[in-house]
Amino acid sequence: MDSAMDAEADDAPVRTELFINGQACPASGERHYAIHNPARPDELVGHAAAGTAGDVNRAVRAAHAAYPGWSALSYAERAAYLVAIADALSTDSADVARRSRLFCREHGKILKETTLELSRLGDRFRLSASYADRLAADEHLSGPPFDTIITRQPRGVAALIVPWNWPLSILGAKLPQALMAGNTVVVKPSRNSALAPSQTLRIIAEMLPPGVLNVVTGSASDIGDPLVRHPLVRFVNFTGSVEVGRHVMRQAADNLTPVTLELGGNDAAIVCEDAALDPGAFMRLYMGAFMSSGQICMALKRLYVHRARFEEVVEGLSAVCNRMVVGDGLLDETNMGPVNNEKQLRVVTSMIDEARSNGADVRELGQVPDEALYAAGHFQRPTLVIDPDPPLKIVAEEQFGPALPILPFDTEDEAIAAANDSRFGLCSSVWTEDRDRAVALSRRLEAGYTYLNAHGPAAQDSRGPFGGFKDSGIGRNLGYEGVIQFQGHHSISAPEGWLFN
């Protein structure tokens with residue numbers, strides 16, 4: 001009874017503020033906006049501060065003022081801050097559980113996933129901290145003709161713009177890296193998922209010197225452009241859609257502000273004739289495509305299967321999908337929650353409808369124990385689209401929802417050509433028992449990351465740089481490379497024999 005009462009208390013509407021120069025503060029005019037539960041759209045989850053251009057200016061100037069002190073610290077000193085933050089993020093298990101539940105209600109993804117996202121955030125702070133010695137080591141070039149030191153220095157104030165789908169994991173791919181590199185930061189969380197991220201960011205910011213980390217929430221139309229265009233912002237790291245990424249790049253261009261853009265993906269998987277298709281493999285295929293209701297940039301979105309195994313894959317994956325329970329992410333029985341917002345739901349359902357109207361075999365699968373909840377919320381059952389025409393949007397575009405096209409191929413060359421026939425180039429996967437084949441096919445795929453016999457976040461090595469080619473973006477997050485992305489090279493030269501003995 002006590003735990004049930006505690007959960008009900010946790011579900012009371014919350015209110016979050018901005019965080020600027022070491023303090024929580026209201027937005028100008030004390031404006032807020034409402035966030036509702038996508039599983040139960042009539043349920044108010046809370047209110048987030050609605051920032052303005054003036055609030056952005058305050059945050060950027062606070063970060064700019066804090067920059068000299070933070071950048072002057074050694075890598076070891078900054079690493080110590082990051083390790084302390086990592087410890088603090090996981091120390092209070094009751095608070096992690098409370099924020100996980102809040103995150104589930106504002107976002108829609110199942111509680112197991114929100115808990116995983118929150119509880120593992122600290123790992124990425126520790127990973128960035130582990131690069132301290134490597135970052136501190138300059139490169140020395142002895143003459144002739146000169147003695148030269150090649151070092152790096154931070155860029156200044158970094159603007160980090162985070163999407164709604166995996167906001168804390170994505171923060172973990174850019175925030176500790178920016179801090180470790182010596183930058184100060186202004187974070188703009190997504191309007192659609194701002195409550196638990198704001199609370200988590202406050203924990204982090206309170207452990208840093210005032211102004212090092214600042215948080216401004218609100219509408220992109222009110223605060224996005226003022227942040228990207230601010231003359232004191234020296235680097236922009238954006239994760240989101242291709243269309244908005246192009247806009248960010250145009251806005252940053254006026255000040256020649258460099259950008260990292262991690263944009264959409266239409267990830268292809270190639271299942272070879274010799275792939276091991278046991279129950280574990282089918283579950284990995286399912287998780288690669290449908291984790292977080294498919295709302296992941298590196299989700300499996302096009303599945304190409306050798307014709308000899310095609311029916312086996314369709315039936316095996318259908319069986320896994322049919323076991324899944326679709327509903328409120330807070331319920332223990334639920335395996336798949338709603339799509340985060342009505343706009344994205346319409347994108348997914350329109351693709352499914354187009355495929356069906358063009359004669360594709362569309363299978364809407366899974367179990368729906370509460371039909372009334374399903375009808376009222378932003379739900380879509382896990383859907384397989386069997387052998388659709390490649391020009392259809394379900395194949396050609398990013399679904400970003402619980403729908404997966406499955407297409408047959410006869411030769412490896414055909415599979416590679418189909419996988420690369422996309423304006424995107426984020427991730428991919430190869431499924432085979434032959435290690436040489438796996439690596440050889442991977443090298444032919446136009447993608448920034450290739451998984452072998454798995455796909456998506458569960459297969460991600462955070463030590464490797466992450467990002468894409470083509471419309472999937474510019475630059476890289478994560479890994480050592482993700483830290484130096486926030487720095488610029490600095491060469492120091494002297495006459496031969498003057499610097500080095």
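Predicted model: local features only at pLDDT ≥ 70, side-chain atom pairs only at ≥ 80, totals over all residues.

Entry 1: the helix. H10 is mostly covered, with nine of its eleven residues buried. I wrote down who they are: Leu195, Ala196, Pro197, Ser198, Gln199, Thr200 and Leu201 come in a row, and then Ile204 and Ala205 are buried too.

Entry 2: the glutamine. Next I asked myself where glutamine 295 lies. I found glutamine 295 in the loop between helix H13 (279-290) and strand S14 (300-306). Is glutamine 295 buried or exposed? Its relative accessibility is 1%, and the cut-off for buried is under 20%, so glutamine 295 counts as buried. Then I checked what glutamine 295 touches, leaving out residues up to four places away in sequence. My list for glutamine 295 reads His107, Trp164, Asn165, Trp166, Pro338, Val339, Asn340 and Phe400.

Entry 3: the sheet. I turned to an open sheet of three strands, which runs in the order S6-S7-S23 with antiparallel pairing. Strands S6 (139-141) and S23 (487-495) stand at the edges; each has a single partner strand, so one side of each has no neighbour in the sheet. I also noted that neighbouring strands here are turned by 20° against each other on average, ignoring direction.

Entry 4: one pair up close. How many bridges join S6 and S7? I got three, in the antiparallel sense, with S7 covering residues 146-154.

How values were computed. Residues numbered from 1 in each chain as written. Heavy atoms only, no water. Buried < 20%, exposed > 50% of the residue type's maximum accessible area, 1.4 Å probe, protein only. Helix = DSSP H or I, 4+ residues; strand = E, 2+ residues; numbered from the N terminus. Contact = heavy atoms within 4.5 Å. Pairing = 2+ DSSP bridges. Axes fitted to C-alpha atoms, helices over the stretch in contact; angles between N-to-C directions.
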